[in-house]
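Open the model in your viewer and keep the selection panel at hand. We will start with the whole chain, then zoom in on selected stops.

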Amino acid sequence: MRIAILALLAGLAADPVAARPPSQPPVDPLLGLKLPAGARFTAAPADLVQACPALANARWDRRLWIFAQTGNASMSAGEVLVVGGELVERAGDKPAVEVDKVGVLLSRAPGACRLIGPPREVFDYGEDGVTPATLDALAQDAARRYAQGLGGQAALRKTLKRQRIGAGQVKSAALRQAFFAAK
């Protein structure tokens, strides 16, 4: 719970950016990549903020994309998601938009949603209720989504290299295995 509160506060203290249409996220929440303009990730379901009201507050709403997913929200066991994107101010003619550099790892099932914490922290240090198998599945799905969203494995490798993100900078064994193991 403490990590979830810290994630929300960190997200609210994110860097301001100029308002722009809901295109794609500028930063990923797992590796800290500054995503190129051509990156394509799946938008989070429109009902996610309604299902997980702690994702927003009276001042800020969210524009979210999925970076990793395992399970299915309609099943009783539910799903676990890594989401990130932007915070969008609810009021004003030109609402402020702030980059959420932290993101959220959450679980949801029919009628329930739990903010678990900042994805990198959960991957690096673990969290009660999140098994190593779940982290492995999320990491594998993330690597697949990143390669697809960036235009293939070669483009992903090039982006990682250009931003000097290597296996040595990634503490999580699950993320290292998924993103840096020879494929």
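Colour by secondary structure and trace the order from the N terminus: α-β-β-α-β-β-β-β-α-α-α-α. That is six helices and six strands. Keep in mind that this is a predicted model.

The accessible area is about 9,300 Å². Carbon and sulfur atoms hold 56% of that area. Of the 183 residues, 45% count as buried. Now display contacts with a separation of 6 or more: residues 24 or more positions apart account for 61% of them.

**Stop one: strand E4**

Select residues 79-89, which form strand E4, and go to Glu89. Is Glu89 buried or exposed? Its relative accessibility is 18%, under the 20% cut-off, so Glu89 counts as buried. Show the rest of the surroundings: beyond its neighbours within four places in sequence, Glu89 touches Arg59, Trp60, Pro95 and Ala96.

**Stop two: helix H6**

Select residues 173-180, helix H6. Which residues of H6 are buried? Highlight Ala174, Leu175, Ala178 and Phe179. Look down the axis of H6: these buried residues fall within an arc of 105°, so they line one face of the helix. The buried residues of H6 pack against helix H3 (119-125), helix H4 (132-150) and helix H5 (153-162).

Finish at the N-terminal end of H6, where Ser172 is the cap. Check the distance from a side-chain oxygen of Ser172 to the backbone nitrogen of Ala174: 3.3 Å.

Conventions:
Residues numbered from 1 in each chain as written. Predicted model: local features only at pLDDT ≥ 70, side-chain atom pairs only at ≥ 80, totals over all residues. Heavy atoms only, no water. Buried < 20%, exposed > 50% of the residue type's maximum accessible area, 1.4 Å probe, protein only. Helix = DSSP H or I, 4+ residues; strand = E, 2+ residues; numbered from the N terminus. Arc of directions from axis to C-beta. Contact = heavy atoms within 4.5 Å. Polar contact = N/O pair within 3.5 Å; in protein donor to acceptor, adjacent residues only side chain to side chain. Areas by Shrake-Rupley, 256 points an atom, 1.4 Å probe, with all protein chains shown as cover.
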